[in-house]
Amino acid sequence: MSWLQAPDGRARVTLLEYVRGVVYSLSTTKEGGIKEVHVSRILNAFAKLGKPSLYRVGLKLLALLQEVEPLRGGYWLIAPFRVIEVENRFLFVGAVPSTYGYLGNVTNEGLGRFVTNDVAKQFPQQSIESWMGVATPDPASLIASFRRDHRYTATATINLADLECLKFIKGGPHVGRRFAWVQHAHAVLSSDLIAVCRQKHGGTYRYFSASLRAGKVSAEAPIEQSLPRLMYALSSFVEAPVVARVRKGSSLAEVTIPERLPIEEYRLALLLSKDITRQGNYTTYSLASNLAPALLKCLTDLGCTLETSK
């Protein structure tokens, strides 16, 4: 039971199978219905293994994969079972363990479980974008909305201390990181003199857009868009896009990214990846070559450029 010591890589599959079994068995009623489960009962199942704290990892994975939903008061509810189509194959999404046999012959790819067409027909189909949770438009529309929101909601402000501004690092594909926070006023949209800023507040950061005048912040507005997604869009707009390095093999593809992905793209990368390795600022996702196009399309839509090698 090495997964009890370090639930990484292949061990995540075993951890998921266990926590799915726990949640499913506690959720089903004698009448065949589904009920909510309190987190204490899930914790008790892991406590019997001598690893009570590991339940957090298991629940976090299930929530990331959209298989369970949190409710008030520490309760969790199994999400409806469905399938999503990925590169002409059907991937099952649901907190039922493969060992129960309900899904037929399952093919595992990373954390994903692919089912046959006959099994897939039994479940509703959800689009991959809907499952990921991508509700924002393309980068150009996102930037237009950012500009518009700032123009209509910015209010005058003064005396901002401990202020940092977002700066994009330009250069060739081998530059690496594109996002940097600097301590001087810096406009991400130079034509509008709009900056993206952060300020330490109560031990955490608050983020906002800012108008610059004479090298200082004169007005600020809340950022309504997803900040990680906006950062990718802005970096592409100012011609400093995040470069994803793609190495294709006959059976395996490696995608290396120097920045953290927004949660929506990370959800897909986590699901499909056989292995995830981090080295410094770089994260490499290893996945089956025939599934890589799904992730690469999402990265392109995000505003990344791809550098491909063999």
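In strand β18, the bridge partner of Ala-253 is Leu-287, and strand β16 (residues 252-257) and strand β18 (residues 282-288) pair in the antiparallel sense over six bridges. Two strands count as paired if DSSP finds at least two bridges between them, while the strands (E, at least two residues) and helices (H or I, at least four) are themselves DSSP runs, numbered from the N terminus. The model is predicted, so local features need pLDDT of at least 70 and side-chain atom pairs count only at pLDDT 80 or more, whereas totals for chains, interfaces and linings use all residues. Residues are numbered from 1 along each chain as its sequence is written, and side-chain values use heavy atoms, with hydrogens and water left out.

**The five-stranded sheet**

- Five strands form an open sheet with mixed pairing, in the order β17-β18-β16-β15-β19.
- Because β17 (275-279) and β19 (305-309) stand at the edges, each with a single partner strand, one side of each is left without a neighbour in the sheet.
- Neighbouring strands of this sheet are turned by 20° against each other on average, direction ignored, where axes are lines fitted to C-alpha atoms, for helices over the stretch in contact, and angles run from 0 to 180 degrees between N-to-C directions.
- Helix α9 (residues 292-302) packs on the sheet and touches β15 (243-248), β16, β18 and β19, and its direction makes about 20° with that of β16; contact here means heavy atoms within 4.5 Å.

**Strand β12 and its partners**

- Strand β12 (residues 194-201) is mostly covered, since six of its eight residues are buried, a word that means under 20% relative accessible area, with exposed meaning over 50% and partly exposed in between (1.4 Å probe, protein chains only).
- Strand β10 (residues 163-168) pairs with β12 in the antiparallel sense over three bridges, and the bridge partner of Leu-163 in β12 is Gln-199.
- β12 also pairs with strand β13 (residues 204-213) in the antiparallel sense, over eight bridges, and His-201 has Thr-204 as its bridge partner in β13.
- β12 and β13 form a hairpin with two residues between them, and Gly-202 in the turn has a positive phi of about 65°.

**Cysteines**

- With a disulfide defined as a pair of cysteine sulfur atoms within 2.5 Å, the count comes to zero disulfides.
- Cys-165 is in no disulfide, and the nearest cysteine sulfur, that of Cys-197, is 3.4 Å away.
- Cys-165 counts as buried because its relative accessibility is 2%.
- Cys-298 is also in no disulfide, and the nearest cysteine sulfur, that of Cys-304, is 11 Å away.
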